Amino acid sequence: TVISASDRNLIFHYNNQDIVILPNGIDKSYFVPQQKATNFELLFTGNMSYPPNVQSAVYLVRKIMPLVWKELPDCRLLISGANPVSSVKSLASDLVTVRPWIDDIRTSYAESQVFIAPMLIGSGMQNKLLEAMSMKLPCITSELANRALGADNGEAILVGRNEREYADFILELLKNPERARDVAEKGYSFVTQTFDWSKSNEQILHLIQEKNARVEK
């Protein structure tokens, strides 16, 4: 089993289509919307020693944020994740907070307005997007990350292709609370209906039962 069709397509095997897609789930009773003080306009999370996250964090601060700051000079970004490497730590400034460890990642989601994950490399499912959407944050991401997620672009999520588009989406959501709420609500409905652990559990139990039945024969 693999967690996305894009991952399966990268596995070169003559029985490729027999590989079952078994998506990750989200604990929607744990990652629930919370009402807390908003300390940051933007949030990016993840293990900050993992190369795809490192590259995305640097890209976000060096390429995207300068475009945002031209129109919203006080826009604050939180980069929250364990083990930040030196290139991530160096991104810290008056407007960029690098938080290396937190006991409960939900705190970072709860104190932010918009989640952005401009992933440039990597594979599989971005659990950070599942978590953010489940906590009703409007999300912006890349075509690469949304390929596994499969959210409806422009409705449940906003998909950027370059730094200008990312910046425009950020400005759109921060300047238009109604639009932000709409994306957040649709993202929440999508993720809680599509990535339910109980459905994945049922699927894997069915696969195990099928396998056992073949062995017994």
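This briefing walks through a few aromatic rings, helices, loops and single residues of the structure above.

The model is a predicted one, so keep its ground rules in mind: local features need pLDDT of at least 70, side-chain atom pairs count only at pLDDT 80 or more, and totals for chains, interfaces and linings use all residues. Residues are numbered from 1 along each chain as its sequence is written, and side-chain values use heavy atoms, with hydrogens and water left out.

**Rings that pair up**

- A pair of aromatic rings is described by the distance of the centres and the angle of the planes.
- Searching the whole structure turns up four aromatic pairs. Rings of Phe, Tyr and Trp (its six-membered ring) pair if their centres lie within 6.5 Å; planes under 30 degrees apart count as stacked, over 60 as edge-to-face and the rest as tilted.
- Take Y109 and F115: their ring centres are 5.9 Å apart and their planes meet at 50 degrees, so this pair is tilted.
- Another pair is F190 with F195, which is edge-to-face, with 5.9 Å from centre to centre and 75 degrees between the planes.
- Are Y109 and F115 buried or exposed? Both are buried, where buried means under 20% relative accessible area, exposed over 50%, and partly exposed in between (1.4 Å probe, protein chains only).
- F190 and F195 are buried too.

**Charges over rings**

- R106 lies over the face of Y30, 3.6 Å from the ring centre. A charge sits over a ring if NZ of Lys or CZ of Arg is within 6 Å of the ring centre and within 35 degrees of the ring normal.
- K136 has its charged end over the ring of Y188, at 4.8 Å from the centre.

**Helix 5 and what comes after**

- Helix 5 covers residues 127-134 and is mostly covered, with seven of its eight residues buried. Helices (H or I, at least four residues) and strands (E, at least two) are DSSP runs, numbered from the N terminus.
- Which residues of helix 5 are buried? They are K128, L129, L130, E131, A132, M133 and S134.
- Just after helix 5 comes K136, with a positive phi of about 65 degrees, although K136 is not a glycine.
- K136 sits in the loop between helix 5 and strand 5 (139-142), and its 30% relative accessibility makes it partly exposed.

**Helix 7 and helix 8**

- Two packed helices are described by the angle between their axes and the distance between the axes.
- The axes of helix 7 (residues 163-175) and helix 8 (residues 177-194) come within 5 Å and cross at roughly 105 degrees. Axes are lines fitted to C-alpha atoms, for helices over the stretch in contact, and angles run from 0 to 180 degrees between N-to-C directions.
- Helix 7 brings E172, L173 and K175 to the contact, while helix 8 brings P177, R179, A180 and V183. Contact means heavy atoms within 4.5 Å.
- Sorted by class, this contact has four nonpolar, no polar and three charged residues. Ala, Val, Leu, Ile, Met, Phe, Trp, Tyr, Cys and Pro count as nonpolar, Asp, Glu, Lys and Arg as charged, and the others, Gly among them, as polar.
- A167 is found in helix 7 and is buried, with a relative accessible area of 0%.
- Not counting residues up to four places away in sequence, A167 touches I64, L67 and V68.

**Residues in loops**

- N83, in the loop between strand 2 (77-80) and helix 3 (86-89), has a phi near 55 degrees, which is a positive value in a residue other than glycine.
- D94 is in the loop between helix 3 and strand 3 (96-99), and it is exposed, with a relative accessible area of 81%.
- D94 and R76 are 18 residues apart in sequence and 8.3 Å apart in space, C-alpha to C-alpha.
- K36 sits in the loop between helix 1 (5-9) and strand 1 (40-45), and at 47% relative accessibility K36 is partly exposed.
- Leaving aside neighbours within four places in sequence, K36 is in contact with T107 and A110.
- N153 belongs to the loop between helix 6 (143-149) and strand 6 (158-160) and is partly exposed, with a relative accessible area of 44%.
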